[in-house]
Amino acid sequence: MGAETPTRRKRTAREIAEQLGASPRTVRRIVAEPRGEFEARAEARRAQAVELRAQGLKYTEIAEAMGVTTGTVGRLLSDARKRAAKAAKAAE
């Protein structure tokens, strides 16, 4: 079942649930960001990290440009490499 009012939350489901007296699961079900939008946003972040790395930026510079930690940059680039390898294997 999709969300009745799909939006990206600024607070955690637990915080909202405590305020409303509901369960975190109920909050996630009602206001969850649609999966397609989440995946598109995640892909855009990966693509941005890959592009910045292709420009020769270091992880710390990419992290600063994207407003994330260097660990996040590493994860984004690792995920992008894994997805590219999987796509290349599927194309064979």
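Predicted model: local features only at pLDDT ≥ 70, side-chain atom pairs only at ≥ 80, totals over all residues.
Visitor: What's the mean pLDDT of the chain?

Guide: The mean is 89, and 90% of the residues reach 70 or more. pLDDT is the predictor's confidence in each residue, from 0 to 100.

Visitor: Where is confidence lowest, and where highest?

Guide: It is lowest in helix 2, at a mean of 84. Helix 4 (residues 59–66) has the highest, at 97. Helices here are DSSP runs (H or I, at least four residues), numbered from the N terminus.

Visitor: Back to Glu43. Which residue does its side chain meet in a salt bridge?

Guide: Arg46, at 2.9 Å, N to O. A salt bridge needs a side-chain nitrogen of Lys or Arg within 4 Å of a carboxyl oxygen of Asp or Glu. Both Glu43 and Arg46 lie in helix 3, 3 residues apart, about one turn of the helix.

Visitor: What does Arg46 touch?

Guide: Leu76, Asp79, Ala80 and Arg83, not counting residues up to four places away in sequence. Contact means heavy atoms within 4.5 Å.

Visitor: How many salt bridges in the whole structure?

Guide: The search finds 3. One is the Glu43 and Arg46 pair. Glu39 forms another with Arg35, with the closest N and O atoms 3.1 Å apart. Those two also lie in helix 3, 4 residues apart. Asp79 and Arg75 meet at 3.6 Å, N to O. That pair lies in helix 5 (residues 70–91), 4 residues apart.

Visitor: Arg35, buried or exposed?

Guide: Exposed, at 56% relative accessibility.

Visitor: New topic. Which residues form the largest nonpolar core?

Guide: It has 9 residues: Ala49, Leu52, Leu57, Ile62, Ala63, Met66, Val73, Leu76 and Leu77. Helix 3, helix 4 and helix 5 each give two or more residues to this core. By definition, a nonpolar core is a set of buried Ala, Val, Leu, Ile, Met, Phe, Trp, Tyr and Cys residues joined through side-chain atoms within 4.5 Å.

Visitor: What is Ile62 in contact with?

Guide: Leaving aside neighbours within four places in sequence, Ile62 contacts Ala49, Leu52, Arg53, Leu57 and Val73. Apart from this core lies another, of 5 residues, among them Ala13, Ala17, Val27 and Val31.

Visitor: Now helix 1. Which residues are buried there?

Guide: Ala13, Ile16 and Ala17 are buried in helix 1 (residues 13–20). Seen down the helix axis, the buried residues fall within an arc of 100 degrees, so they line one face. The arc is that of the directions from the axis to the C-beta atoms.

Visitor: What do they pack against?

Guide: Helix 2 (24–31). On the other side of helix 1, Arg14, Glu18 and Gln19 are exposed. Just after helix 1, Gly21 takes a positive phi of about 75 degrees.

Visitor: And upstream, where does Arg11 lie?

Guide: In the segment before helix 1. Arg11 is partly exposed, at 43% relative accessible area. Beyond four places in sequence, Arg11 touches Ile16 and Gln19.

Visitor: What does its side chain do with the side chain of Gln19?

Guide: The side chains of Arg11 and Gln19 make a polar contact at 2.7 Å. That term means a pair of N or O atoms within 3.5 Å; within protein, one must be able to donate a hydrogen and the other to accept it, and residues adjacent in sequence count only if both atoms are side-chain atoms.

Terms used:
Residues numbered from 1 in each chain as written. Heavy atoms only, no water. Buried < 20%, exposed > 50% of the residue type's maximum accessible area, 1.4 Å probe, protein only.
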